[in-house]
Amino acid sequence: MKEIKLKINGKNITTTEGNTILQAAIENGIYIPHLCYEPRLKPIGSCRLCLVEIKGEKKMQSSCATLAREGMEVITDSYTLHQIRKTIVELLLSTHPEDCLTCEKCGDCSLQDLAYLYGVRTNPFDGEKPFFPLEDHNPLILREREKCILCGRCVQICADVQAIFAYTFINRSSKTIVGTAFDKPLTAENCEFCGQCISTCPTGAILSRIEIGKARRWETKGVTTTCPYCGCGCQITLKIKNNNVVGIDSFYKTHNSGNLCGKGRFGWEFINHPDRLKNPLIKRNGKFEEATWDEALTLVSQKLQEIKEKSGPDSLAFIASAKCTNEENYLFQKLARTAFGTNNVDHCARLCHAPTVAGLATVFGSGAMTNSFKDLEIADAVFVIGSNTTENHPIAGLAIKKAKRNGATLIVADPRKIKLTQYADFWLKFRPGTDIALINGIANIIYKENLYD
């Protein structure tokens, strides 16, 4: 990609051609206030907080929607810009509830941060404070619509990233709000309860119901780890308070770009469940009793050594887990091979993944995935067979949906009408059990008609 040079606030910076002024500023550690912009979404320039002055242009421009150009000179913080932004914040607050002290997003609210930044203590505008009943029709997502600032981020992420279209702008003839078609509850919509709307909402308008009342942002620390639910390996950040997990975050600079599915975002309560086994059990006199980790590990080590000495290392077998990270599984097989001298190491994926491992290893030399999600997004065509991607690997499913939006041809071969078929250009509804015949037929035509490279 070509690099271009420009000036922001008198500072010479470099950015990639095609980036907006706001993206160039963020890359170079220059802060420009914004509310409607979000890295996962197309810029719409609606909040006007990111206005900047450009040398040689009479009108101010939205930095989130204006491309950076070679030699451009930009001012991001003049007296005029400061006053405009302060007025915008005051207008937003004129119709906003004044309940920061009890709001769940206190300390983690972009609007509150901007009010602090611009010193908005009293408001010269007296807007109508709307009232909407609390929308708590489901156990996962809570909506307090009077706190909505119409940034449109939830509408965009639901449409442009998830391709679900559960949210929209309604009541355009009177008081515009974000809602669902005919203002139905989310449970009556096509909503998948992925929680993407929660992750993008800058205020307390959309919340994770299972996190409410557990902690304030400043009371938590973040611990980054890998989601345990599927092979996508999404990076998640656990919100920790008093050594307990109280919520989940995911940030943009990860391979999943901050996107999570419903399991990744909401499926963490088992960690603190009272029925969860937290200490090892050792059977004594026919009954399991709690033991320390040192006791349990010493016992297991002794028993394995006894079996190895009596019957040889190949009398032992080690079973790894798909719920562990690659690094943990690597250490596990190293323990088996190095400490105990056996190659009897297996993995639960053998049941469903063995054919692909064998095929990939034969053709490419490795049984692992050969391409990244980013490669999927820019593909010219995507052929899906043997995978209900949006259910089993939802974030990979998002990459396929993005490829489709980018103009790719999507072909889904499946006897069932899975979710991806509604986005497909072609749905090959073959008879169950004839996958190999279909693939052999396709391979035969590719060979006969010289369509291979």
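The entries below follow the order in which I looked things up.

**Ground rules.** I am working from a predicted model, in which local features need pLDDT of at least 70 and side-chain atom pairs count only at pLDDT 80 or more, while totals for chains, interfaces and linings use all residues. I number residues from 1 along each chain as its sequence is written, and side-chain values use heavy atoms, with hydrogens and water left out.

**Cavities.** I took a cavity to be a set of points, on a 1 Å grid over the protein atoms alone, where a 1.4 Å probe fits but cannot get out, with lining residues having an atom within 4 Å of a point. Grid points are joined across faces, edges and corners, and a volume is the space filled by probe spheres set on the points. I found 3 cavities of 30 Å³ or more.

The largest cavity has a volume of about 120 Å³, and of its 13 lining residues Cys148, Cys154, Cys201, Ala205 and Ile206 are the closest to its centre. I sorted this lining into 9 nonpolar, 2 polar and 2 charged residues, where Ala, Val, Leu, Ile, Met, Phe, Trp, Tyr, Cys and Pro count as nonpolar, Asp, Glu, Lys and Arg as charged, and the others, Gly among them, as polar.

For the second largest cavity I noted a volume of about 100 Å³ and a lining of 14 residues, with Cys158, Tyr167, Cys191, Cys194 and Cys197 nearest its centre. The elements that give two or more residues to this lining are α4 (153–161) and α5 (196–200), helices being DSSP runs of H or I with at least four residues and strands runs of E with at least two, numbered from the N terminus.

**Pocket.** A pocket is an open set with protein on both sides within 12 Å along at least five of seven lines. The second largest pocket has a volume of about 1000 Å³, and of its 42 lining residues Lys105, Asp108, Ser199, Arg217 and Asp249 are the closest to its centre. I counted 19 nonpolar, 9 polar and 14 charged residues in its lining.

**Helix α10.** I placed Glu377 in α10 (residues 373–377). Why does Glu377 count as buried? Its relative accessibility is 14%, and buried means under 20% relative accessible area (1.4 Å probe, protein chains only). Leaving aside neighbours within four places in sequence, I found Glu377 in contact with Ala399, Lys402, Ala403 and Asn406, contact meaning heavy atoms within 4.5 Å.

Conventions
Buried means under 20% relative accessible area, exposed over 50%, partly exposed in between (1.4 Å probe, protein chains only).
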